[in-house]
Amino acid sequence: MCLALPVQVMELLPDNMAKVGLDGIFKVISIALVEDVTPGDYLVLHVGYALAKIDTEEAQRTLALIREATLGGAA
Amino acid sequence: MKYIDEYRDAKLVKDIARQIEAAVDPARSYHFMEFCGGHTYAISRYGLEDLLPSNVQMIHGPGCPICVLPIGRIDAAIELAIRPEITLCTYGDLMRVPCSNGLSLLKARSAGADIRMVYSTLDSLSIAEAEPNRQVVFFAIGFETTTPPTALALRFAIAKDLANFSIFSNHVLTPAAIKTILENSDVHPLGPIKIDGLLGPAHVSTVIGTQPFEVLAEEFNKPIVVAGFEPLDVIYSILMLVRQVNDGVHKVENQYIRAVTTLGNEKAKCEIANVFELRESFEWRGLGAIPHSALGLRSKYAKYDAEKRFEMVTPAAQDNPACECGAILRGIKKPSDCKLFGKVCTPDSPMGSCMVSSEGACAAHWIYGRFRRQGKADESWRTVA
């Protein structure tokens, strides 16, 4: 039940709905809880609603930070 | 899969585990509670405990909404669902939770009650719209992640003038539960529990942000790292906790920064505030009654509040006395400490709530953890390049 997944916005639909995709699977969800959604954005999907946008720059920065940590570098 | 596979890189996970091993002080122990069932699931599924040094212990917390719901609330929902005019809608995980008289929602449905499993509150609205002669009740459950969708469903129902839709609210609040656990960690009747830090919830924090945890970290001198649910997120967050403990600091850090901000989702918080108000007190399985730990519908929405509309009562209900869910939810006992575990209690025929949802500590341990080697974990990974 707590499962939430990152999905990509394919198409905006009327009434704050959007068609989203994950690895070739598509679904229509509500984006009423998230501001300024555009096609191509990644969203956290939970029980049919987007809860947040995924900040793609922060996602890359987190990975870079983790890789740096494996070298015994910065925290 | 984008933003999933990158955070499941096995080599990176092992590299971080080595960093943890290098960082820990061998003269002390580290006890970290993961509040969320999502973390419990990831730790079991990816075998992360086996990658940790023996003096770093993970404690499974109560962050599975199915597990913490007292069975009296499900008994009340079944009482409602057997009325001929009622259609009860709810999420699938709740269907198999054992409750009083050997019943569950699934068994009540088999006996003729109109109980339907839905993926989303939107589905329950569609049912109410399509069947105006039925009274459609959404059995709402969950932490702050599922609360905004329930709030929106109510708003949509009002906008569509759906007089046959109502909500049985069982939404609960994460910070209140964490506070109770930390307040009672030394003095609870079930026994003391050592907690050096917490993995904070990922998706709950997309809604409420990291700010509500700051007062807890400060008041109880415990580091809290809000962590994503993928294995790399979890193991790196444990490293962040180890570093805080070593440095003697207790702050809130945000590892899941790609989706979580300090203040969270203002729009979602606004939807919650418009529809819900704090309950004075709410009973949690394993934790008892916690003040201001749950949400009920505001009185102006009384006609959409199933508890008021149908004069529901929550019967006092006893858990199976042999079931250790209460102690497991508080991290005092492990699933394997329960004499029912794996004997009469399995995911196919659960006796307690922790065995129902995949995020429950018992179910996660049954599915992924029970084949772990007894005693010392396999050390061969440490030699992998």
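This is a predicted model: local features need pLDDT of at least 70, side-chain atom pairs count only at pLDDT 80 or more; totals for chains, interfaces and linings use all residues.
Which loop of chain B holds Ser353(B)?

Residues are numbered from 1 along each chain as its sequence is written, chains are lettered from A and ligands numbered from 1 in the order in which they are written, and side-chain values use heavy atoms, with hydrogens and water left out.

**View 1. Ser353(B) in its loop.** Ser353(B) sits in the loop between α15 (325–329) and α16 (361–369) of chain B. Helices (H or I, at least four residues) and strands (E, at least two) are DSSP runs, numbered from the N terminus. Ser353(B) has 1% relative accessibility and counts as buried (under 20% relative accessible area; exposed is over 50%, partly exposed in between; 1.4 Å probe, protein chains only).

**View 2. The surroundings of Ser353(B).** Beyond its neighbours within four places in sequence, Ser353(B) is in contact with Ile66(B), Cys67(B), Val97(B), Arg285(B) and Cys325(B) (contact: heavy atoms within 4.5 Å). A polar atom of the Ser353(B) side chain is 3.0 Å from the backbone oxygen of Cys67(B).

**View 3. Cysteines of chain B.** For Cys325(B), the nearest cysteine sulfur is that of Cys354(B), 3.3 Å away. Cys325(B) is buried, at 4% relative accessible area, and Cys36(B) is buried too, at 8%.

**View 4. Where chain B meets chain A.** Here 44 residues of chain B are in contact with 42 residues of chain A. The buried area is about 3700 Å², with carbon and sulfur atoms giving 68% (accessible area, 1.4 Å probe, that two parts lose on being put together, summed over both). On the chain B side, Tyr3(B), Tyr119(B) and Lys267(B) lose the most area to chain A, together 18% of what that side buries.

View 5. Between chain B and chain A the count is zero salt bridges (a side-chain nitrogen of Lys or Arg within 4 Å of a carboxyl oxygen of Asp or Glu). Nine residue pairs, both at pLDDT 80 or more, are in polar contact across the interface (N or O atoms within 3.5 Å; within protein, one must be able to donate a hydrogen and the other to accept it, and residues adjacent in sequence count only if both atoms are side-chain atoms). With five residues, α8(B) gives the most to the side of chain B that touches chain A.

Technical notes. A disulfide is a pair of cysteine sulfur atoms within 2.5 Å.
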